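Hi there,

Here is the structure I promised to pass on.

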Amino acid sequence: MDHFNDRDGLLFAEDVPLDRIAETYGTPCYVYSKATLTRHFRAYTEALGGHPHLICYAVKANSNLAVLGLLAKLGAGFDIVSVGELERVLKAGGDPDKVVFSGVAKQPHEMARALEVGIKCFNVESRPELERLNAVAGELGKVAPVSLRVNPDVDAGTHPYISTGLKDNKFGIPVDDALTVYELAASLPNLQVKGLDCHIGSQLTETAPFLDALERLLVLMERLRERGIEIDHLDLGGGLGVPYRDETPPHPFDYASQLLSRLSRWEGGEQLTLLFEPGRSIAANAGIMLTRVEFLKPGETKNFAIVDAAMNDLIRPALYQAWQAIVPVDTRSARETSIYDVVGPVCETGDFLGQERELAIAAGDLLAVRSAGAYGFVMASNYNSRPRPAEVMVDGERCHLARARETLESLWSGEALLPEGGC
Ligand code: LLP
């Protein structure tokens, strides 16, 4: 459930009508709901109840400081994949002691900064990375807490671009090699083994792949135990899906209760701290993107609704053929219904936000692209020299400009003309 609701024909974000937001901040514009973010985060903490746990929000899904700051206040930890994300978390008041660092190619300077601020754990994805981390920690006179990201080779049944737990994917250490890599980790002087980690993919709509992965990780943990390697926490990654259309992904409560039930039958399972790295399930349906219809362009085979947002603002439809609901903000005036491709101003045929949508709209109308709070603004670019949109956080009746629309000058900031006479 989210807090974007229709009230007498006008779409609201919490208690603010979206047309007012468009007037104040312009379009295209991302709008987030504080109450929805809070609700989604709490769904996890409540689902886990008294079981020791830490919810490390995946910063990549939406890294706006207002979002991170809110989640930090709610007690969230963070899953980061770059030093840029780490600095955002620190800037937003996040606790470094609740940060886990994922990613296949952490740079030495990124490792050093994470060691300096004292993060909770490095999720290490390969043997050479383990060796690099040991060397960096040694130079700084530190001991790095590590967890190995194991690739359990389970089919997450999701889009191939966002499936990460198969043998063929670049991520993690193959489950069959994990034992020897753990032995190496335990033998290196500047590392301390803390956890076991996996992340099998994103937008999963069933619990079965998660439970399959858990089963394989428990077998591995038993083998590690036999070798005297104890694991304090098990990190099951992110990946829980959201309803974009008619998907019915498990609620965090069902997901957690199935995991907890399995763990209760495993020796030591009740004391094992569980970590999760949800991104989409917290942020996606806590945001929409507002856009205005510029022109309606009827055609022989297709009608186009040309809007002021484009693939550079929200790339998921173009990149993954992702379906996101597109709804008019104001349905109070009579309009003729037609089938439209909703397209942007960018010079590419792939520039669409939705195809074959039945809409009753006229030029000048506002549309809301739903489920845009995750992997929306963060994936935006300046393609076609388009400034990136504003981001607004709504809290009840109040609005907060969480990120100003980029200016034209910012488009060439850092660039330099060639000097007179060449270089
Ligand atoms: N942990 C790790 C190590 C990850 O790689 C990811 C996502 C997450 C956690 C968070 O997963 P989530 O809970 O959000 O499913 N841009 C794509 C999604 C890419 C996901 C990448 N990894 C999209 O727009 O669908």
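The centres of domain 1 and domain 2, taken over C-alpha atoms, are separated by 36 Å. Domain 1 covers 4-31 + 284-412 and domain 2 covers 103-276, with bounds that come from an automatic or database domain assignment. Six residues from domain 1 and five residues from domain 2 make up the contact, where two residues are in contact if their C-beta atoms, placed from the backbone, lie within 7 Å. On the side of domain 1 that touches domain 2 there are three nonpolar, three polar and no charged residues. For these classes, Ala, Val, Leu, Ile, Met, Phe, Trp, Tyr, Cys and Pro count as nonpolar, Asp, Glu, Lys and Arg as charged, and the others, Gly among them, as polar.

Two notes before you read on. This is a predicted model, in which local features need pLDDT of at least 70 and side-chain atom pairs count only at pLDDT 80 or more, while totals for chains, interfaces and linings use all residues. Residues are numbered from 1 along each chain as its sequence is written.

Now to the ligand. Its shell holds 20 residues, of which Ser-202, Gly-238, Gly-279, Arg-280 and Tyr-375 come nearest; a residue is near a molecule or strand if its C-beta atom, placed from the backbone, lies within 6 Å of it. The elements giving two or more residues to this shell are α10 (280-283) and α11 (316-320). Helices (H or I, at least four residues) and strands (E, at least two) are DSSP runs, numbered from the N terminus. Sorted by class, the shell has seven nonpolar, nine polar and four charged residues. Both domain 1 and domain 2 give residues to the shell, so the ligand lies between them.

A residue is buried if 20 or more other C-beta atoms lie within 10 Å of its own, exposed if 12 or fewer, and partly exposed in between, with C-beta atoms placed from the backbone.

Leaving aside its neighbours within four places in sequence, Leu-290 is in contact with Leu-18, Ile-21, Ala-22, Thr-27, Pro-28, Cys-29, Val-31, Leu-366 and Ala-368.

Strand β14 (residues 287-298) pairs with β19 in the antiparallel sense over four bridges, and Arg-292 stands opposite Leu-366. Two strands pair if DSSP finds at least two bridges between them. Strand β16 (residues 326-328) is also antiparallel to β19, over three bridges, with Pro-328 opposite Leu-367.

Another sheet is open and has three strands in the order β1-β2-β3, with antiparallel pairing. β1 (4-7) and β3 (16-17) stand at its edges with a single partner strand each, so one side of each is left without a neighbour in the sheet. β1 pairs with strand β2 (residues 10-13) over four bridges, and Asp-6 stands opposite Leu-11 in β2.

Finally, a few single residues to look at:

- His-51, in the loop between α2 (34-48) and β5 (53-58), is partly exposed, with 17 other C-beta atoms within 10 Å. Not counting residues up to four places away in sequence, His-51 touches Leu-260 and Leu-274.
- Gln-321, in the loop between α11 and β16, has a positive phi of about 55° although it is not a glycine. Gln-321 is exposed, with 11 other C-beta atoms within 10 Å.
- Glu-356, in strand β18 (residues 352-360), has a positive phi near 50°. Glu-356 is exposed, with 10 other C-beta atoms within 10 Å.

Best wishes
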